[in-house]
Amino acid sequence: MKIYEKAPAKINLLLDVLRKREDGFHEVEMIMTMVDLADRLEMEELPRDSIMISSQAGYIPLDEKNLAFQAAKLIKDRYDVHKGVYIHLDKKIPVAAGLAGGSSDAAATLRGLNRLWGLGISEAELCELGAELGSDVPFCVTGGTAIATGRGEKLERIHNPPQCWVVLAKPPINVSTADVYGKFRVNELKQHPSKANMVNAISRGSFTDICNNLGNVLETVTLQLYPEVRQLKESMERLGADGVLMSGSGPTVFGLVSKEAKVSRIYNGLRGYCKEVYVVRMLT
Ligand code: ATP
């Protein structure tokens, strides 16, 4: 039997860091949602007890460093499954882009193997397993729109934002999340984005107020390190996107756009100098 799972990319409408914890992690407050740019996973049982990963993307690890491999191993160990699986990753989400591609693959693997092997694991338990793999994995298990706190693993579901276009652009640089957090100094922050305002804007379905309350404190690090990310933000704003923000630790920048007529102008304007530009819808 073969099964398929979609692994969508996430964007942060808001990313705030409250403090650095004693355990070295940062206490965050994020509002995350999914967009319709997704990897596709194909999973098939193997006749022997092993995990095999393949992908058309030549630039990701296919061994135990792959998050889908780690997810499969975790579920096998924890639920004592002596079966093997072959997982093919059709990668569409750019890698190391701030879009949680690896985390979403891990989450899709957990959901998929739960189905393939009929394990009957609840969504809450899948989230707990996911938290062992990475802070963004629990959100990727549930999808939708959520406020994430703690390291990002504590989730509170909220309404989806109103439907709109999302233009994503990734400059040709890879940004390490660990590196950005390492250089981030919470005490030097002059301003925090308002979670209350964003939650309020979403619950009222106000597209304008969502655009006006976008905020990501990690921009203070990434925009300084990589001026091309700042330029990309400025270009998107100039081309008429209604709201523009860097996703996660970057370098992907996204623009929210309400009117279809504007989308092709922004796409064409960016494609002039940025190879990786995607136009997708919010997943609502
Ligand atoms: P986040 O927003 O959660 O920080 P990201 O989008 O910045 O994630 P990923 O695309 O998840 O970053 O990739 C980060 C690293 O993880 C890469 O260096 C990549 O080699 C490794 N990796 C492991 N498994 C995968 C996978 N299934 N897909 C993509 N990258 C993976």
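Predicted model: local features only at pLDDT ≥ 70, side-chain atom pairs only at ≥ 80, totals over all residues.

Reader: Fine. What's the volume of the largest pocket?

Author: The largest pocket comes to about 1100 Å³. Its lining counts 43 residues, and those closest to the centre are Leu67, Ala100, Ser103, Asp136 and Thr177.

Reader: How does the lining of the largest pocket divide into nonpolar, polar and charged?

Author: There are 22 nonpolar residues in that lining, alongside 15 polar and six charged ones.

Reader: OK, what about the second largest pocket, how much space is in there?

Author: About 310 Å³. The second largest pocket has 15 lining residues, and Gln191, Pro193, Gly215, Asn216 and Glu219 sit nearest its centre. Two elements put two or more residues into this lining, β8 (215-216) and α8 (219-225), and α8 has the largest share with three.

Reader: Switching to the ligand. How many residues surround it, and which are closest?

Author: 20 residues surround the ligand, and Lys91, Ala96, Gly102, Asp105 and Thr177 are the closest. Thr177 also turns up among the residues closest to the centre of the largest pocket.

Reader: Which backbone atoms lie by an oxygen atom of the ligand?

Author: Leucine 99 has a backbone N or O atom 3.0 Å from a ligand oxygen. For alanine 97, a backbone N or O atom is 3.5 Å from an oxygen of the ligand.

Reader: And what's asparagine 66 doing with its side chain?

Author: An N or O atom in the asparagine 66 side chain lies 3.0 Å from a ligand nitrogen.

Reader: How much of the ligand does the protein bury?

Author: The protein buries 79% of the 610 Å² that the ligand exposes when taken alone.

Reader: Now the backbone. Where's the cis peptide bond?

Author: The bond running from glycine 250 to proline 251 is cis, and its omega is near 5°. Proline 251 belongs to the loop between β9 (243-246) and β10 (253-257).

Reader: Which residue has a positive phi although it is not a glycine?

Author: That's aspartate 80, with phi at about 55°. You'll find aspartate 80 in the loop that runs between α1 and β4 (84-90).

How values were computed: Residues numbered from 1 in each chain as written. Heavy atoms only, no water. 1 Å grid on protein atoms, 1.4 Å probe; cavity = no way out; pocket = protein on both sides within 12 Å on 5 of 7 lines; lining within 4 Å. Points joined across faces, edges and corners; volume = space filled by probe spheres on them. Nonpolar A, V, L, I, M, F, W, Y, C, P; charged D, E, K, R; others polar. Helix = DSSP H or I, 4+ residues; strand = E, 2+ residues; numbered from the N terminus. Near = heavy atom within 4 Å. Polar contact = N/O pair within 3.5 Å; in protein donor to acceptor, adjacent residues only side chain to side chain. Areas by Shrake-Rupley, 256 points an atom, 1.4 Å probe, with all protein chains shown as cover.
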